[in-house]
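Subject: Structure for you to look at

Hello,

Here is the structure I said I would pass on. Please open it beside this email and follow the notes below.

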Amino acid sequence: MGELKIDMLVRWSRRLDASNERIRKARTVALRRSAAYVWKVAKRSIRHSTKTEKHVWTDDKGKEHETTRYVASPPGKPPFEHGKWWMSSFHFEVDESVGEAYIGPIDGRRHIAPLHEYGGTGVIRWTRYVSNERVKFQQRHTFQKRPTMQPALDKSRPRLQDFWKNVIN
């Protein structure tokens, strides 16, 4: 009688392992599809700035320079794209081992993303050529809240459940 229980328990655990593998694969597929959808919604929310304004800045030697720069997006709206670096930095990654996805700026702009999303103060570093010399600058800047990811997640939420329906047949 005891051998029968052990035999049934072993057969049950094999079925459970196969079922767990199916669940893990299905979860990964659904998570990838969900992350890709939110990523696409976030990228589509970023618009290119077309308006410019004159800007006067002072270099480290105290000399003033006048340049043209793009106008910032209104507070509360996603930040404008100034070139291609912001939108091209958006990616998504799925960690299958814990069942999580990261969506947003992945490369060197990762430190700017929280400042745009939540607002705050940070140090901005950039390089310009002044009289054919490469000059590095840094400036403390206060960002107003211009969220990208939270509105994208809110807009995507009704569709996300569709990616999880019937994933295990």
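Helices (H or I, at least four residues) and strands (E, at least two) are taken from DSSP runs and numbered from the N terminus. The model is predicted, so local features need a pLDDT of at least 70 and side-chain atom pairs count only at pLDDT 80 or more, while totals for chains, interfaces and linings use all residues. Residues are numbered from 1 along each chain as its sequence is written, and side-chain values use heavy atoms, with hydrogens and water left out.

Overall picture

The protein chain contains four helices and six strands. Read from the N terminus, their order is α-β-β-α-β-β-α-β-β-α. Of the 169 residues in the protein chain, 26% are buried (under 20% relative accessible area; exposed is over 50% and partly exposed lies in between, with a 1.4 Å probe and protein chains only). A contact means heavy atoms within 4.5 Å. Among contacts in the protein chain between residues at least 6 apart in sequence, 56% join residues at least 24 apart.

Aromatic pairs

Rings of Phe, Tyr and Trp (its six-membered ring) pair if their centres lie within 6.5 Å; planes under 30 degrees apart are stacked, over 60 edge-to-face, and the rest tilted. How many aromatic pairs does a search of the whole structure find? The search gives two.

One is Tyr37 with Phe163, a tilted pair with 5.6 Å centre to centre and 50° between the planes. This pair links distant parts of the chain, since Tyr37 is in helix H1 (residues 2-45) and Phe163 is in helix H4 (residues 149-164), 126 residues apart. Tyr37 is partly exposed, at a relative accessible area of 23%, whereas Phe163 is buried, at 16%.

The rings of Trp39 and Phe92 also form a pair; their centres are 5.7 Å apart and their planes are at 55°, so this pair is tilted. Trp39 in helix H1 and Phe92 in strand E3 (residues 90-95) are 53 residues apart, and again distant parts of the chain are linked. Trp39 counts as partly exposed, with 23% relative accessibility, and Phe92 counts as partly exposed, with 28%.

A hairpin

Two strands pair if DSSP finds at least two bridges between them. Strand E1 (residues 52-58) and strand E2 (residues 64-70) run antiparallel and are joined by seven bridges. In this pairing, Val56 stands opposite Glu66 in E2. E1 and E2 form a hairpin with five residues between them, and Gly62 in the turn has a positive phi of about 90°.

Regards
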